[in-house]
Amino acid sequence: MNVPESLKPSNREEERLLQELDADRLPQHIAVIMDGNGRWAKKRHLPRVMGHRAGVQSARTIVETCARLHIPALTLYAFSMENWRRPKAEIDFLMRLLREYLRKELPVIHRNNIRLLVIGRADQLPDADLVVAGDGVNSALREPHVEHFGSDVTLGRNTYVWLGTTKVFDSFTFSFVETEHGWIWCYAYPFSGEHSTCVVECSPETWTGLGLDTANEGEGLPLLEKLFADLLDGHALIGRVQSDGSAQWLNFRTLTNRTWHRGNLVLIGDAAHTTHYSIGAGTTLALEDALSLAGALREIPDLGAALAHYERERKAELLSIQSAARHSAQWYENLPRYIHLPPAQMFALLGQRHSPLLPYIPPQVYYRIDRAAGQLEALRRFKRWLGPRLARTVQAARSRG
Ligand SMILES: Cc1cc2nc3c(=O)[nH]c(=O)nc-3n(C[C@H](O)[C@H](O)[C@H](O)COP(=O)(O)OP(=O)(O)OC[C@H]3O[C@@H](n4cnc5c(N)ncnc54)[C@H](O)[C@@H]3O)c2cc1C
């Protein structure tokens, strides 16, 4: 077998086994019923719990080997419904073992990009004091209770793809390119000494017109590299390889939740709310949620009251940011309204895209008012006064509706 880099054999036995493996016939999903710990211990005249401890070691080896072999999915059936009939002391031991193991291994799980899904009747597992659902916009912890949370998703009109590039930009850079099917643009910013992020966005008409809706990643990336050749200086775009080779074009999902907690489960970050990427605030907001939650838990002894306080505080903070994000996303959806203005005006209004007033005022008039406001203190104050009020009113009406 062609041994992947990650799979250097650690001993002769493993080397021999690897030689017998056919890389093209490795399974995509392995499921293991973890059975026989008790028998293993009995055979060695050891207590059953020692068998369970040894079972954890075997599970660890299985997970690690699957990761090294690039097996995409592994299911471990760890506890069956019949197992509830076992003595309470043994069940308590098993649950403690699971908790201890997950706590210890979590950093390794994260480092190796392993996604852990709890399947089966998770609600019968012993309760934690608090479960913090920080598992992103598609939160598996939120999903079974969408009715309770009042989750609402609005899909953006434009399509986008989240790419990387080896070109390192020295600052946040916008690039707008006109094609015969309409405009396509890119937001690019550095994230390390070797790479930058490139988010490419366009209207659905441009997307289908350019054939990006049917192109797989291998066909789509060269087309985008050609369109953004001036921006990329000959550097390549880097996609996110899907197992079927498709490109990951998406419509942004703006998520809101009517309530953010249920019993001892609380939502934070993207699991609770999303704001369009064009305002670049999602990570800060997720961290601010965590700070607010920690503060509420420290200050308020009653869990329910602490979670309610956290939700109230963060929702109030978010109103104006959610409004800014919505207007920013709309600005790009209404690009034809601005793109043919003289460049100085167009870029000035790009900087004003969060404004709740802009959609209601002809762009050139807005531009002139904005310029005048820059010079007239009274007008500037009026604009500063009116904008947030309008934004809060519209956003609060939306949240209620
Ligand atoms: C195209 C685009 C560009 C963006 N650019 C910016 C930007 O420039 N600046 C900015 O601040 N924000 C940006 N954002 C938003 C930002 O990415 C998110 O708001 C932020 O990452 C939210 O953090 P989070 O921890 O709540 O969720 P996530 O970052 O989604 O983290 C959730 C984590 O939970 C893990 N997880 C989920 N389920 C499981 C499971 N069952 N087991 C184990 N792990 C699990 C996931 O693997 C993931 O690591 C952008 C978003 C998009 C779509």
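1. The shell around the ligand takes at least three residues from each of domain 1 (12–126) and domain 3 (258–400); domain bounds come from an automatic or database domain assignment. The model is predicted: local features need pLDDT of at least 70 and side-chain atom pairs count only at pLDDT 80 or more, while totals for chains, interfaces and linings use all residues. Residues are numbered from 1 along each chain as its sequence is written.

2. The ligand is surrounded by 18 residues, and the closest are Gly136, Gly269, Tyr277, Gly282 and Thr283. A residue counts as near a molecule if its C-beta atom, placed from the backbone, lies within 6 Å of it. By class, eight residues of the shell are nonpolar, seven polar and three charged. Nonpolar covers Ala, Val, Leu, Ile, Met, Phe, Trp, Tyr, Cys and Pro; charged covers Asp, Glu, Lys and Arg; the others, Gly among them, are polar.

3. Helix H9 (residues 282–299) gives the most to the ligand shell, with four residues. Helices (H or I, at least four residues) and strands (E, at least two) are DSSP runs, numbered from the N terminus.

4. The axes of H9 and helix H10 (residues 303–333) come within 9 Å and cross at roughly 150°. H9 is therefore roughly antiparallel to H10. Axes are lines fitted to C-alpha atoms, for helices over the stretch in contact, with angles from 0 to 180 degrees between N-to-C directions. Angles under 35 degrees count as roughly parallel, over 145 as roughly antiparallel, 65 to 115 as roughly perpendicular and the rest as oblique.

5. In H9, Leu285, Asp289, Ser292, Leu293, Ala296 and Leu297 meet Ala306, His309, Tyr310, Glu313, Arg314 and Ile321 of H10. Contact means C-beta atoms, placed from the backbone, within 7 Å. The contact of H9 with H10 has seven nonpolar, two polar and three charged residues.

6. The protein is divided into domain 1 (12–126), domain 2 (152–252) and domain 3 (258–400). Nine residues from domain 2 and eight residues from domain 3 form the contact. On the domain 2 side, strand S4 (151–165), strand S6 (182–190) and strand S7 (196–202) give two or more residues. S4 supplies the largest share of that side, three residues.

7. The axes of helix H3 (residues 48–68) and helix H4 (residues 88–111) come within 11 Å and cross at roughly 25°, which means that H3 is roughly parallel to H4. Arg48, Val49, His52 and Val56 in H3 meet Glu90, Phe93, Leu94, Leu97 and Tyr101 in H4.

Notes: Contact = placed C-beta atoms within 7 Å.
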